[in-house]
Amino acid sequence: MSGMIENGLQLSDNAKTLHSQMMSKGIGALFTQQELQKQMGIGSLTDLMSIVQELLDKNLIKLVKQNDELKFQGVLESEAQKKATMSAEEALVYSYIEASGREGIWSKTIKARTNLHQHVVLKCLKSLESQRYVKSVKSVKFPTRKIYMLYSLQPSVEITGGPWFTDGELDIEFINSLLTIVWRFISENTFPNGFKNFENGPKKNVFYAPNVKNYSTTQEILEFITAAQVANVELTPSNIRSLCEVLVYDDKLEKVTHDCYRVTLESILQMNQGEGEPEAGNKALEDEEEFSIFNYFKMFPASKHDKEVVYFDEWTI
């Protein structure tokens, strides 16, 4: 007896049953020959291979090599129907693009692996692109190369460069804006009045008491940026950590412990000096009182809303 599946491909009942059982385990599930025999309750290898060959002919199953062992993987009916409409050359080109995943594959690599003429490869790629089966993407590592991948996939970070790149170009303006936002956010937590704490000269400075948490974590910074909606791309704690490390390199932040940062006093003073008038700054230095350890700065005692400082040993890899 023979049966039909939803996309119109003609299959025997045994082939239909085997395909349904494989897909019930989820897309991407791999099966050994013994597992397929057990699922179908078939003792004869010849009978199993006959069913497998039928599914291979209909593109409903494919062979995958894992740890030097050949395994079987079910294919969606829609994907099989898509391949059924392709020519032999298009199907060959498509198979190499599909295998490349989110990393994509260079057009010259496709030509070398398929051993097809350049004109044939370009014709196949044009046809597959017009049907929205594949797409070309720009790589930040190799900007002159044309990289192809499946239309439904998103390029990997290695291809796009992550959130710091826009259309394959490093977005300096976006990065500088985020650096400023991160620094200002951390400064508000480092000192009671943030970067405005030092506007009236050193004798007016106010500091937190030693037992008050005066640093910011990468998670807190990420939550603030996400809530403020200042970035049109999704950022991760790793991205925030990279921004903080840039500010540490520029002596604008200091690292308290793993993923915990606070602003440096020098960066605060530079900010206020840059915003104020030079003459006023010089006059403030002239009028500064003689240094005294008893009257150098004031302390803010911890309040019930302040968090106790918690230090963690820095993680090591």
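In the predicted model, Ser216 touches Phe185, Ile186, Asn189, Ile221, Asp259, Cys260 and Tyr261, leaving aside residues up to four places away in sequence. Ser216 belongs to strand E12, which comprises residues 216–217. Its relative accessible area is 0%, so Ser216 is classed as buried. Among the residues touched by Ser216 is Asn189, and the side chains of Ser216 and Asn189 are joined by a polar contact of 2.8 Å.

Helix H9 spans residues 172–190. The distance from the first C-alpha of H9 to its last is 27 Å over 19 residues, close to the 27 Å expected at 1.5 Å a residue. Buried positions in H9 are Phe174, Ile175, Leu178, Leu179, Val182, Trp183, Phe185, Ile186, Ser187 and Thr190. Of these, Phe185 and Ile186 are buried and are also among the contacts of Ser216.

A separate element of the description is an open sheet of three strands, in which the order is E3-E5-E4 and the pairing is antiparallel. Strands E3 (30–31) and E4 (61–66) form the edges, each pairing on one side only. Between E4 and strand E5 (residues 69–74), which run antiparallel, there are six bridges. Lys65 has Leu70 of E5 as its bridge partner. Helix H1 (residues 13–24) packs on this sheet and touches E3, E4 and E5. The direction of H1 makes about 95° with that of E5.

Definitions and conventions:
Residues numbered from 1 in each chain as written. Predicted model: local features only at pLDDT ≥ 70, side-chain atom pairs only at ≥ 80, totals over all residues. Heavy atoms only, no water. Helix = DSSP H or I, 4+ residues; strand = E, 2+ residues; numbered from the N terminus. Expected span 1.5 Å × (residues − 1). Buried < 20%, exposed > 50% of the residue type's maximum accessible area, 1.4 Å probe, protein only. Pairing = 2+ DSSP bridges. Contact = heavy atoms within 4.5 Å. Axes fitted to C-alpha atoms, helices over the stretch in contact; angles between N-to-C directions. Polar contact = N/O pair within 3.5 Å; in protein donor to acceptor, adjacent residues only side chain to side chain.
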